Amino acid sequence: MGERRGTDATILGVPLAHLRRDRTSVKWARYDPDVIPMWIAEMDCAPCPAVVEAVSAAVRRGDTGYAPTEEYAAEVAAFTDAEWGWAFDAGATTRVADVLTGVTHLLGLFTDPGGPVVVSSPVYNAFYEVIEACGRQVKEAPLGPDHRLDLDRLADVFAEVTTDGARAAYLLSNPHNPTGTVHTPAELEALARVADEHGVRVVSDEIHGPLVLPTSTFTPYLTVPGTERGVTVTSASKAWNLAGLKAAIIVPGDDAVDAVRRLHHFVTFGASHLGVIAQTAAYRDGREWLRRLVDELDANRRLLTDLVAEHLPGARLVVPESTYLAWLDLADLGLGDDPAGEVLRRARVALSPGPIFGSGGAGHARINYATSPDVLAEAIRRIASCLD
Ligand SMILES: Cc1ncc(COP(=O)(O)O)c(C=O)c1O
C-alpha cells in the first residue's frame, strides 16, 4: 500500500493507522504497536511530491548506479543563496554519505586521537557517539540557563582543552537540537572569535537550518564575519525527511578549503545515487513544500504549547525557535531523572530520554512534534492521564 497524503492536503495530517501500516523505519519498528513514537528525528509527513517523482522515475529507468554529485552541490548552493543569501563555491565542497559521516571525517582532520571535541550540552545525543567512535574525547561547555550558547564558558573550556597544545574542535548544532535555539549572528561571531583565539576549529552541523520557524531567522555559520576557518556540514535529510536516502555536503570556509581537500576522495562514494537524486529534487523543486511544512510545524508548536499548559501544568516546555523537536523539563513531575522511561511504561508514548543529551538532560525529555495535531493531542493527553 502506498504512502498517503495527509488529510485535507496537509503534510502532517497522516492518520496514525496509516503510519502504523505503511512505515517500516526505525521510529515505527522499535516499539510495540500500542506505543505512540515521538522520539527519533523522523517526521510523520506525507512525502514531498518532487522527491517521489524523481526517485520513482530513477528506479523505473533502472538508474541505480553510483552517484555523480556535482549537480547536487550546485543545487544546495542555489538553495542556500535563495533562502539565506549564502552563495558558497560548490566546487570547494566535499560530498559524503550523511552529516554524521561528514562530522566524523572532519574531527579526524582537525583533532588527534584522544583529542578534545567541545559541545554545548544538552546537545544532540549522536554527537557523543560520533566523538567516541572517532576515539576523541567529549568536553562539555553547557548552554546557559536561557538555553543559549554560554560564550564565557566556551572561552574557559577552549582555553582549558588547548593549554597543553592539543588540537581541538567545537561541534556546533546550528540550530540547536534538542532545545531548538536559533543562534544569532552576534552569538556566532563571538563563537568564531573565541574559537580563533584558542585555535579551535568550528564544525557547524546545519541539518536543521531549513526548519527555522517563522518567528526566527536562520544564520548559516559561514555567512558571519570571522568564520573563515570553520566548516559546515548539511543535508536535506531532516527538512524533507530523507534520512533513508543518503547524501550530505561538507562546505569549507575560505580558510578551511585546503584542509578539507585533504579528505580522500573515497569519502565521497558514500553518498548514494538515489539519495543524491532525492535531495537534488528537494533543494531544487521542494521549496514550496518546505514552506507549507514549516507553517504546519509552527501551528503544531502553538498546539504543543497550549496542550502542555492545559494538561501538564507541572512541566516546562522550552518553546523551540526551530526544528520539530521540543525540550521538556519534567523534573517536577516526580518521574525521576529519566521521565521518558516512566512515560513509556505508563502512557505508552516514546519520548527521547533527556539524559542521553548530556549534562543538563536529567529530568528532561525531548518530544518530536512533527506529527498530526490529533496524534500530538492524544500523546499529551496520555502523558497527563498517567500522572493522575
Ligand atoms: C543535529 C543533527 N545532526 C545530524 C543528524 C543526523 O544526520 P545524518 O542522518 O545525515 O547523519 C541529526 C538527526 O537527527 C541531527 O538532529
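Helix axes here are lines fitted to C-alpha atoms over the stretch in contact, and angles run from 0 to 180 degrees between N-to-C directions. Helices (H or I, at least four residues) and strands (E, at least two) are DSSP runs, numbered from the N terminus.

## Basis of the model

This is a predicted model, in which local features need pLDDT of at least 70, side-chain atom pairs count only at pLDDT 80 or more, and totals for chains, interfaces and linings use all residues. Residues are numbered from 1 along each chain as its sequence is written, and side-chain values use heavy atoms, with hydrogens and water left out.

## Helices α3 and α10

Helix α3 (residues 49–61) and helix α10 (residues 273–285) cross at roughly 150 degrees, and their axes come within 8 Å. The two helices, α3 and α10, are therefore roughly antiparallel; angles over 145 degrees count as such, those under 35 as roughly parallel, 65 to 115 as roughly perpendicular and the rest as oblique. The crossing of α3 with α10 is right-handed, a term for a near helix turned clockwise from the far one by less than a right angle, with anticlockwise giving left-handed.

On the α3 side the contact is made by A50, V51, A54, V55, A58 and V59, and on the α10 side by L274, I277, A278, A281, A282 and D285. Contact means heavy atoms within 4.5 Å. By class, the contact of α3 with α10 has 11 nonpolar, no polar and 1 charged residues. Ala, Val, Leu, Ile, Met, Phe, Trp, Tyr, Cys and Pro count as nonpolar, Asp, Glu, Lys and Arg as charged, and the others, Gly among them, as polar.

## Helix α13 and its partners

Helix α13 (residues 373–386) packs with helix α11 (residues 287–311) at an angle of about 20 degrees, the axes being 10 Å apart. That makes α11 roughly parallel to α13. The crossing of α11 and α13 is right-handed. From α11, residues N300, L303, L304, L307, V308 and H311 meet P373, L376, A377, I380, R381 and A384 of α13. The contact of α11 with α13 has 9 nonpolar, 2 polar and 1 charged residues.

Helix α12 (residues 339–347) also crosses α13, at roughly 95 degrees, with axes that come within 9 Å. That makes α12 roughly perpendicular to α13. Here V343, R346 and A347 in α12 meet R382, I383 and C386 in α13. This contact of α12 with α13 has 4 nonpolar, no polar and 2 charged residues.

## Ligand surroundings

The residues that surround the ligand are A41, D98, V99, L100, Y124, S173, N177, D205, I207, H208, S237 and K238.

A nitrogen atom of the ligand lies 2.5 Å from an N or O atom in the side chain of D205. An oxygen atom of the ligand is 2.8 Å from an N or O atom in the H208 side chain. A polar backbone atom of L100 is 3.0 Å from an oxygen atom of the ligand.

## Backbone features in loops

The peptide bond from S121 to P122 is cis, with omega near -5 degrees. P122 sits in the loop between β3 (116–119) and α6 (125–133). Another cis peptide bond joins N174 and P175, with omega about 0 degrees; P175 is in the loop between β5 (169–173) and α8 (185–197).

T323 is not a glycine, yet it has a positive phi of about 65 degrees. T323 is placed in the loop between β9 (316–318) and β10 (325–329).

Terms used: Near = heavy atom within 4 Å. Polar contact = N/O pair within 3.5 Å; in protein donor to acceptor, adjacent residues only side chain to side chain.
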